[in-house]
Protein chains: 2
Amino acid sequence: MRLIVQKYGGTSVGSPERIRNVARKILETQQQGCRVVAVISAMAGVTDNLIKLARETAPQPEERELDVLLATGEQAAIALIAMAINSLGGRAISLTGAEAGILTDRAHTRAKIANITPRQIHALLAEDYIVIVAGFQGQNAEGETTTLGRGGSDLTAIALAGALNADACQIFTDVDGVFTCDPRVVSDARKIDEVSYDELLEMAGSGSKVMQSRAVEFAKKFGVEFEVRSSLKNAPGTVAKEETANMEDVVIRGISVERNQAKVMVDDVRDEPGIAGRIFSTIARGNISVDMIVQSVSEHGTTDVSFTMHENDLPAAIELLAPLVKEVQAAGLITKAGVAKLSVVGIGMRSHSGVAARLFDCLGRGGINIQLISTSEIKIAVVIDGGDVDRAAQLTHQEFGLAKFVPASSL
Amino acid sequence: MRLIVQKYGGTSVGSPERIRNVARKILETQQQGCRVVAVISAMAGVTDNLIKLARETAPQPEERELDVLLATGEQAAIALIAMAINSLGGRAISLTGAEAGILTDRAHTRAKIANITPRQIHALLAEDYIVIVAGFQGQNAEGETTTLGRGGSDLTAIALAGALNADACQIFTDVDGVFTCDPRVVSDARKIDEVSYDELLEMAGSGSKVMQSRAVEFAKKFGVEFEVRSSLKNAPGTVAKEETANMEDVVIRGISVERNQAKVMVDDVRDEPGIAGRIFSTIARGNISVDMIVQSVSEHGTTDVSFTMHENDLPAAIELLAPLVKEVQAAGLITKAGVAKLSVVGIGMRSHSGVAARLFDCLGRGGINIQLISTSEIKIAVVIDGGDVDRAAQLTHQEFGLAKFVPASSL
């Protein structure tokens, strides 16, 4: 019998009615002749409310107790889902992360999965139970409750699918799958049927927040195929898997945009070892995430170091960097908020030259100025003015032929 | 070093501010040179909300999953209390019922404590931690979460105090202790310093809902002394303990009243074996709790069977009993709502004759008609008209000299 691991997010279980809907979907899967393990997130809003309550109670709640608190969100959700399935005539049993055998390291609030011993899940499946597992949580070697950090339920599902050697892993969300571009930006964006882990990682890091990068990295490491699909429709979604030869026939898989970015340039700084390290360790002290980093070629012993971040972090970054700029005798700090990043992603570009040229040419023809460029093996990212990003995405989407397939008969 | 087990109820931890207050009280206890284990209930209202959510999700939520759900209330509360203590500079750690070693039977939602192995509590106390334990919950031999039923946190505290051989067990509530009568009814009611388990049991069963009977029964069985005291004031409360010789100097410990009762009489029923059994098993099918049961002396082969219940249950009881009354050929069913029960409780009455006569005489002088009488070794209960009960309590309170001690100088 096929074994399927499903994951339902917080919005899918946001009310008693939605919980019953999820229960029905799980039962239907079983009735199609599958054994089912379902991983459940906390009801929408619950985790945020618990964090708020913690901060009202203690200004800096300690992480061990925060985990004990936050784990209650998923624990409540699994009980409700199991009740709903049983009241619909099914046979379900709920397990916390610890009961499901998810062992993590000791890093409370951001624990890494160390090991999974799904003995109890196997035993319950053998007795024809549907097994409902709390996402986002586990226990450490001391038996203390730990949580896996934001988006941890995706990780739980993928890790369980791997440990159980499941035949399929389905991540149910409120979108239909991964798209060639955000359909709100590009009206003829197309759902992608298959995507490689690397492509999904590059797209997740570029604003397509379908999945947390950690979950995708875990899937890649252990070769766990999974499908991102809608919990509202009964239609196939996007399958993420190891890349296959025919995937490379498609040069570009998709285009991601990330708005509300800021760029920072440390101008004319001495090209000496250690300078870049000092810049970025200063930024890191402010807990600011830096995205693209570009250093131009050295001229006359000085260079420019540029990078991007969310524009909300810019004031803090300026405050942190101003003293350093003086100290290292750079010419100055040039900053600009309101920029955006556009990324073109596809494993096919490795073997097809000229993708970069085609992108720059396309943007140039559209009169869109490129302010920064950064590339990886399967991605080209450009920083452009925020006001240009929708048009840039539309032009690029067309340029690389990503639009919906239109049958000839309808032309 | 003295070891104290404290218990804080849902109202005491109903908001972040109250949680910090409880944290301060626990820290003060430690600073007085004690090791502290604190048992915590769910924040006020949380358990009721979870039950509501369960019923909205599944019409008859199954009990195993209801326990998984309800246990989250106390789990959230212990984490918040531990955080609050730690943020005030203390060292606290939270434990679920399972982690605290509370093993129960398999009866979900009303589990009985089977055994306590407080190995982890001992280890943490030895490291100078304050240990915060989730009330109301445990785990069964299969490792499943169980709950102990309403008021179960009192039971957790008393059972832990017994298992840890604690020097004191303090049950913090929103009242100052156990009173000779409800101060809202009798203005000069006095806080009782000491009460025997049996007296407290009779008073709890008579409407003085300071403690759940189960917790008191457990304390009596294992000889665990405990104190009921206010979480708002810093004053001694009422100590419940095994009866001592000098306790018997006081003939009457207190007076309880219970309103909104109904009485039912099955009139002129054949005095045959099995008739009473049929009456009360019929009532039990409706899940109705019967309180006093009185059967009068048989005359001419027939007798009357009378009993009381909450008046809200009366319509259901009448519906259940009507067919039976015909079937057993009783003369009829006489019912009356709006009556009340007044109980006079005291271990001293065992050795002092005439308490009943004095009570009846006192009520008679007040023109209060007695409709039913039931007695135990340490209690006399009478059913009277609901409109008479306040005055009856005041008269009785005075008759037995229970009023506040008034120094002679102030007379």
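## Basis of the description

Helices (H or I, at least four residues) and strands (E, at least two) are DSSP runs, numbered from the N terminus. By this count, chain A has 11 helices and 18 strands. This is a predicted model, in which local features need pLDDT of at least 70 and side-chain atom pairs count only at pLDDT 80 or more, while totals for chains, interfaces and linings use all residues. Residues are numbered from 1 along each chain as its sequence is written, and chains are lettered from A and ligands numbered from 1 in the order in which they are written.

## Overall dimensions of chain A

The C-alpha trace of chain A spans about 75 × 65 × 35 Å along its principal axes. Its radius of gyration, taken over C-alpha atoms, is compared here with the globule rule, 2.2 Å times the number of residues to the power 0.38. For the 411 residues of chain A the rule gives 22 Å, and the value of 24 Å is close to this, so chain A is as compact as a globular protein of that length.

## Relation of the two copies

Two copies of a chain are related by a rotation about an axis and a shift along it.

## The interface

Residues are in contact if their C-beta atoms, placed from the backbone, lie within 7 Å. In these terms, 30 residues of chain B are in contact with 30 residues of chain A. On the side of chain B that touches chain A, α1 (16–31), α2 (46–57) and α3 (63–87) each supply at least two residues, and α3(B) gives the largest share, 14 residues. That side comprises 17 nonpolar, 8 polar and 5 charged residues, where Ala, Val, Leu, Ile, Met, Phe, Trp, Tyr, Cys and Pro count as nonpolar, Asp, Glu, Lys and Arg as charged, and the others, Gly among them, as polar. Because 100% of the interface residues of chain B are also interface residues in chain A, the copies meet through the same surface.

Residues of α3(A) including A:Leu69, A:Thr72 and A:Ala76 meet residues of α3(B) including B:Leu69, B:Thr72 and B:Ala76. The contact of α3(A) with α3(B) has 16 nonpolar, 4 polar and 2 charged residues.

## Helix packing within chain B

Helices α1(B) and α3(B) pack at an angle of about 60°, their axes 9 Å apart. Among the residues making this contact are B:Ile19, B:Val22 and B:Ile26 of α1(B) and B:Leu80 and B:Ala84 of α3(B). In the contact of α1(B) with α3(B), 9 residues are nonpolar, none polar and 1 charged.

Helices α10 (residues 355–365) and α11 (residues 389–399) of chain B pack at an angle of about 130°, with axes 10 Å apart; α10(B) is therefore oblique to α11(B).

How values were computed: Axes are lines fitted to C-alpha atoms, for helices over the stretch in contact, and angles run from 0 to 180 degrees between N-to-C directions. Angles under 35 degrees count as roughly parallel, over 145 as roughly antiparallel, 65 to 115 as roughly perpendicular and the rest as oblique. Two residues are in contact if their C-beta atoms, placed from the backbone, lie within 7 Å.
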